[in-house]
Amino acid sequence: MPAQDRPLIGVFWMALTGLNFVAVTAIVKHIGGDVPAAQGAFLRYLLGLVFLIPMIRPILAAHLSARQIKLFAARGVVHTLAVILWFYAMARIPIADVTAMNYLSPVYVTLGAALLLGERLPPRRLIAVICALIGALIILRPGFREVDAGHIAMLGTAVGFAAGYLIAKQLSGEVSAAVVVGMLSITVTIGLAPFAYAVWVPVTMGDLGWLFLVACFATAGHYSMTLAFAAAPLTVTQPVTFLQLIWAVLLGYFVFDEGVDIWVVLGGTVILASVSFITWREARAKRQATPASFQTKG
């Protein structure tokens with residue numbers, strides 16, 4: 001069976017990806033305020049460097065140019081800030097809110113690609129972006145409830161992750177995936193170090209163990225997501241990410257005594273539906289732009 005023609009396998013791997021990322025969220029939530037956000041993020045990446053060992057040789061063999069190093073550094077900066085904001089948000093707002101607002105990243109990627117990279121933003125896709133932003137307003141409900149600093153942090157997190165993705169998109173055509181992932185781990189660990197030092201508090205072996213588990217689940221999540229993308233197109237796997245929100249709601253309710261906020265579920269559904277539509281439109285545009293085998297390629 002050809003690559004990207006195994007929808008059930010793709011759905012399985014994407015569902016497993018969601019479980020891995022919800023596990024990451026739950027562990028960070030469990031640690032809570034015991035470890036400052038910047039320090040927790042730094043220790044998570046530092047402990048995760050053990051997974052970098054297989055990537056050392058490809059990085060050295062890539063012979064990165066000065067321009068590529070600058071782009072990797074820029075990605076490290078925006079990702080560093082996004083990770084700190086994400087850890088901060090996890091300690092302040094419910095898991096479901098974090099998960100739902102995380103869906104905004106692909107929307108910001110679409111906007112950034114149009115504004116910064118000159119990519120087209122057709123009317124239907126623009127409407128989907130607007131709907132996604134409305135979904136964010138449904139979650140936040142400014143004027144109807146107090147907007148926590150954690151919610152503001154999640155807005156910044158989504159922007160930071162989107163900026164990092166756009167930079168990675170530029171680099172992905174020049175170096176291997178191992179180099180892109182490995183350089184991110186290195187630059188973010190270095191970037192987090194001074195922030196962690198500024199707020200450093202003693203940590204227990206238990207906290208270190210939990211943070212190492214965060215690194216394990218995050219690595220497993222990225223790996224299973226890669227397998228999902230290889231098995232089926234994004235139009236198949238993207239809607240499956242909705243399960244992540246369901247699992248986050250259930251986890252928050254049964255484990256962390258968080259109430260089920262129907263507005264968060266509704267807003268997350270609107271955002272994910274918009275992201276799925278954008279994904280479908282992009283896939284359709286690519287198919288239309290690719291000539292059939294019998295057509296003359298000019």
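This is a predicted model: local features need pLDDT of at least 70, side-chain atom pairs count only at pLDDT 80 or more; totals for chains, interfaces and linings use all residues.
A residue counts as buried when its relative accessible area is under 20%.

**First stop: Thr-189**

Select Thr-189, which has its place in helix α9, residues 177-198. Its relative accessibility is 7%, and therefore Thr-189 counts as buried. Next, display the residues around Thr-189: leaving out those up to four places away in sequence, it touches Phe-42, Tyr-45, Leu-46 and Leu-49.

**Second stop: Leu-192 and the cores**

Now move to Leu-192. Apart from neighbours within four places in sequence, Leu-192 is in contact with Ala-38, Ala-41, Phe-42, Tyr-45, Thr-80 and Ile-84.

Leu-192 belongs to the largest nonpolar core, which has 56 residues. Select Trp-86, Phe-87, Met-154 and Ile-271 as well; together with Leu-192, these are the residues with the most contacts inside that core. Another core, of 13 residues, lies apart from it; Ile-59, Leu-71, Phe-72 and Leu-171 are among its members.

Select helix α1, residues 7-31, together with helix α4, residues 66-90. The two pack with their axes 8 Å apart, at an angle of about 65 degrees. Helices α1 and α4 are therefore roughly perpendicular to each other, and their crossing is right-handed.

Which residues of α1 and α4 meet? From α1 come Val-24, Thr-25, Val-28 and Lys-29, and from α4 come Trp-86, Phe-87 and Met-90. By class, this contact has five nonpolar residues, one polar and one charged.

Turn to helix α2, residues 37-48, and helix α10, residues 205-231. Their axes are 8 Å apart and the packing angle is about 65 degrees. Here α2 passes α10 in a right-handed crossing.

On the α2 side, select Gly-40, Leu-43, Arg-44, Leu-47 and Gly-48. They meet Leu-208, Leu-211, Phe-212, Val-214, Ala-215 and Ala-218 in α10. The contact of α2 with α10 has eight nonpolar, two polar and one charged residues.

**Last stop: helix α5**

Finally, select helix α5, residues 95-102. Is this helix largely enclosed or open, and why? Seven of its eight residues are buried, so α5 is largely enclosed by the rest of the structure. The buried residues are Ile-95, Ala-96, Asp-97, Val-98, Thr-99, Ala-100 and Met-101.

Technical notes
Residues are numbered from 1 along each chain as its sequence is written. Side-chain values use heavy atoms; hydrogens and water are left out. Axes are lines fitted to C-alpha atoms, for helices over the stretch in contact, and angles run from 0 to 180 degrees between N-to-C directions. Helices (H or I, at least four residues) and strands (E, at least two) are DSSP runs, numbered from the N terminus. Angles under 35 degrees count as roughly parallel, over 145 as roughly antiparallel, 65 to 115 as roughly perpendicular and the rest as oblique. A crossing is left-handed if the near helix is turned anticlockwise from the far one by less than a right angle, and right-handed if clockwise. Contact means heavy atoms within 4.5 Å. Ala, Val, Leu, Ile, Met, Phe, Trp, Tyr, Cys and Pro count as nonpolar, Asp, Glu, Lys and Arg as charged, and the others, Gly among them, as polar. A nonpolar core is a set of buried Ala, Val, Leu, Ile, Met, Phe, Trp, Tyr and Cys residues joined through side-chain atoms within 4.5 Å. Buried means under 20% relative accessible area, exposed over 50%, partly exposed in between (1.4 Å probe, protein chains only).
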